[in-house]
Amino acid sequence: MLKAIEIAPDVYWVGGVDWNERNFHGYTTERGTTYNAYLIVDEKIALIDTCKAPFADDLIARIADIVDPASIDYVIANHGEPDHSGALPAVMAAAPNAQLVCGAPQGLGVLKAHYGDGFDFLTVKTGDTLSLGRRTLTFVQTPMVHWPDNMATYSEADRILFSNDAFGQHLATSKHFDDEVGLPEVMAQAQKYYANIVMPYGRQVARALDAVAGLAVAMIAPAHGVIWRSHVADILAAYRTWCSGEPEDRAVVVYDSMWHTTELMAREVAEAFVECGVPVRLLDLKVNHISDIMSAVLPARYVAVGSPTLNMTMMPTVAGFLCYLRGLAPKGRVGIAFGSYGWAPAGPDEVAAALEAAGFEMPLPTLARQWREDAEGLAEVHDAVVSLVRANGDEGPMA
Ligand code: FEO
């Protein structure tokens with residue numbers, strides 16, 4: 001078991017490492033995840049967040065390496081989702097004198113709904129402070145990033161923002177800091193996390209960023225993954241970009257195919273973007289998980305989706321992706337629907353309707369082709385996409 005780690009003087013990581021978690025409510029976590037909790041030892045002792053219930057014993061053992069758990073004065077619950085609060089009953093039993101600090105009213109409501117009202121609650125709002133002695137904690141509520149109850153805790157003396165879900169990554173590692181793992185890996189996991197968990201709440205993220213903009217932050221200690229200490233500015237800038245609703249001139253082509261005609265069309269759509277100098281990714285739903293596809297969708301202005309007709313509807317893989325996409329609600333994107341059919345274009349038509357319902361701008365008619373696609377038909381698909389991209393002024397250097 002990993003030992004508690006002192007991340008700053010008298011501030012310890014004491015969380016849980018879930019090495020083999022591979023599915024986080026439908027999101028593939030190929031690198032596992034962590035449930036970070038932090039212990040601050042001052043004149044008063046505070047634990048910031050707990051972890052998922054199966055990791056309660058690990059958490060309490062790590063705390064016991066530093067202090068007697070019974071000496072904890074405050075348990076701060078920044079968020080009530082069970083990956084951070086599942087161990088609360090065990091922790092509160094081990095710390096019977098602790099007050100349970102949470103946001104009001106949402107944090108209190110979530111915790112009472114999950115764990116009852118048998119705790120000594122201390123509710124706080126944005127701007128409220130809690131003195132631990134040499135340091136004072138300040139609370140910043142960050143509603144809908146990504147639940148109504150989300151809150152961050154800031155220690156000015158340490159210049160650490162305990163951000164809970166925000167800025168997290170599903171990344172299990174024996175290292176604890178961004179620079180120990182390397183920025184490309186950490187940022188890729190942060191991007192996947194944002195795309196699959198935070199994306200629907202861009203406006204709320206922008207407000208949360210504004211709320212913390214005035215704080216001097218040397219370290220962001222999230223509730224998942226590694227701690228940002230060398231790349232704080234990078235992750236803040238990435239969140240600003242991701243929440244802006246201003247995608248880059250990139251394209252994603254997502255499809256499934258039965259007898260390769262829709263696949264041929266997908267390749268042609270991708271070639272059209274290449275011709276225009278727009279970076280593109282071609283992603284077959286048979287071999288790419290929808291949560292990985294969302295990482296590619298996050299920065300992409302163009303999202304082309306293809307399905308043949310199967311049993312008078314689109315393929316279930318495509319329907320599942322479009323359902324997931326609509327829930328994550330990317331803003332300001334251009335959609336393109338395409339696909340093949342035998343005797344009824346129901347598949348590609350349903351793709352178009354689903355993209356429209358998800359809020360995509362749909363400037364092209366549905367690119368639907370009957371039976372086998374020929375060179376002339378593929379050229380029509382190609383030219384339609386090239387015309388669209390050039391009309392948008394996205395003609396790149398390779399065109
Ligand atoms: Fe990591 Fe919203 O819980």
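Where is the place of Met 144?

Modeller: Met 144 sits in the loop between E13 and E14. Strands here are DSSP runs (E, at least two residues), and helices are runs of H or I (at least four), numbered from the N terminus. A word on the source: this is a predicted model, where local features need pLDDT of at least 70, side-chain atom pairs count only at pLDDT 80 or more, and totals for chains, interfaces and linings use all residues. Residues are numbered from 1 along each chain as its sequence is written, and side-chain values use heavy atoms, with hydrogens and water left out.

Now the backbone. Met 144 is not a glycine, yet its phi is positive, about 65 degrees. Its relative accessibility is 24%, so Met 144 counts as partly exposed. That class lies between buried (under 20% relative accessible area) and exposed (over 50%), with a 1.4 Å probe and protein chains only.

The loop between strand E13 (136-141) and strand E14 (151-155) also holds His 146. The peptide bond from Val 145 to His 146 is cis. Its omega is near 15 degrees.

Move on to the loop between E14 and strand E15 (160-164), and you find Arg 159. Arg 159 has a positive phi too, near 55 degrees, and is a residue other than glycine. At 42% relative accessibility, Arg 159 is partly exposed.

One further cis peptide bond is worth a look. It joins Ala 104 and Pro 105, with omega about 0 degrees. Pro 105 lies in the loop between strand E10 (99-103) and helix H4 (106-115).
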